[in-house]
Amino acid sequence: MDSLIERILTEVADCARQVSTESLTQAGALIESSSRIFVAGAGRSGLCMKAFGMRLMHLGKTVHVAGETTTPGISASDLLILGSGSGRTASLLAMAEQAKRRGAQVLLFTTDAESPLAKLSNLRVVIPAPSFRVTDEAHDSKSIQPLGTLFEQSMLILCDSLILGLMQQIGVSAAQMFERHANLE
């Protein structure tokens, strides 16, 4: 088991190191300048986006999870952040198209810089990981892990590093973030 953990940690570190720091810097600036942020993804990528949205809220941003019953409409000063390894998820494409029609910006975390979602996005953070694996024959040698696991792990770590960078940049402490933590639990 220790060997597997080491291999996974190495994969994630190698993958994250290959992501453009310029795209991450631009993503941080886009997030900081947006009045409201909407997050979305499908499956495990969606869970990563919800976790990112939670931390952005802790940071003091107004954040909504797309598709929830209390989510308002998106407008021109807003930002839609999507996580999609393939960049081809139909529901996310529909969201991105609607956001663009409304004048909002779209930030995408993906493995495919040429996907339909990437083409709709204002900014892409490209993560060099396999986005999906169906069978061992289709296994991409970039990962020992199944399906889009390496993408999802790397995306979550990159999003957490964006949070740390934004904390430093705008001067928000962990104690201030804790004040915004859920208290109805």
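The model is predicted, so local features need pLDDT of at least 70 and side-chain atom pairs count only at pLDDT 80 or more, while totals for chains, interfaces and linings use all residues. Residues are numbered from 1 along each chain as its sequence is written, and side-chain values use heavy atoms, with hydrogens and water left out.

Two packed helices are described by the angle between their axes and the distance between the axes. Here, helices (H or I, at least four residues) and strands (E, at least two) are DSSP runs, numbered from the N terminus. Axes are lines fitted to C-alpha atoms, for helices over the stretch in contact, with angles running from 0 to 180 degrees between N-to-C directions. Angles under 35 degrees count as roughly parallel, over 145 as roughly antiparallel, 65 to 115 as roughly perpendicular and the rest as oblique.

Take α3 (residues 43-59) and α6 (residues 149-170): their axes come within 10 Å and cross at roughly 10 degrees. That angle is why α3 counts as roughly parallel to α6. Contact (heavy atoms within 4.5 Å) involves α3 residues including Cys48, Phe52, Leu56 and Leu59, which meet a set in α6 that includes Met155, Cys159, Ile163 and Met167. Sorted by class, this α3 and α6 contact has 15 nonpolar, two polar and four charged residues. For these classes, Ala, Val, Leu, Ile, Met, Phe, Trp, Tyr, Cys and Pro are nonpolar, Asp, Glu, Lys and Arg are charged, and the others, Gly among them, are polar.

Helix α1 meets α6 at another angle: the two axes come within 9 Å and cross at roughly 60 degrees. That makes α1 oblique to α6. On the α1 side sit Ile8, Glu11, Val12, Cys15 and Ala16, and they meet Leu150, Gln153, Ser154, Ile157 and Leu158 in α6.

As for α2, its axis and that of α6 come within 10 Å and cross at roughly 60 degrees, so the pair is oblique. This crossing is right-handed too. Leu24, Ala27, Gly28, Ile31 and Glu32 in α2 meet Leu158, Leu162, Leu166, Gln169 and Ile170 in α6.

Next come the cores. A nonpolar core is a set of buried Ala, Val, Leu, Ile, Met, Phe, Trp, Tyr and Cys residues joined through side-chain atoms within 4.5 Å. Buried means under 20% relative accessible area, exposed over 50%, and partly exposed in between (1.4 Å probe, protein chains only). The largest core has 35 residues, and those touching the most other members are Ile31, Phe52, Leu56, Ile81, Leu107, Phe109 and Ile127. Its largest share, nine residues, comes from α6. A second, separate core of 14 residues includes Phe38, Ala40, Leu80 and Leu108.

Finally, some single residues. His58, in helix α3, is buried, with a relative accessible area of 3%. Leaving out residues up to four places away in sequence, His58 touches Gln176, Met177, Arg180 and His181. Ala51 is in α3 and is partly exposed, at 31% relative accessible area. Leu147 lies in the loop between β5 and α6; although not a glycine, Leu147 has a positive phi of about 50 degrees.

Conventions:
Left-handed = near helix turned anticlockwise from the far one by under 90°.
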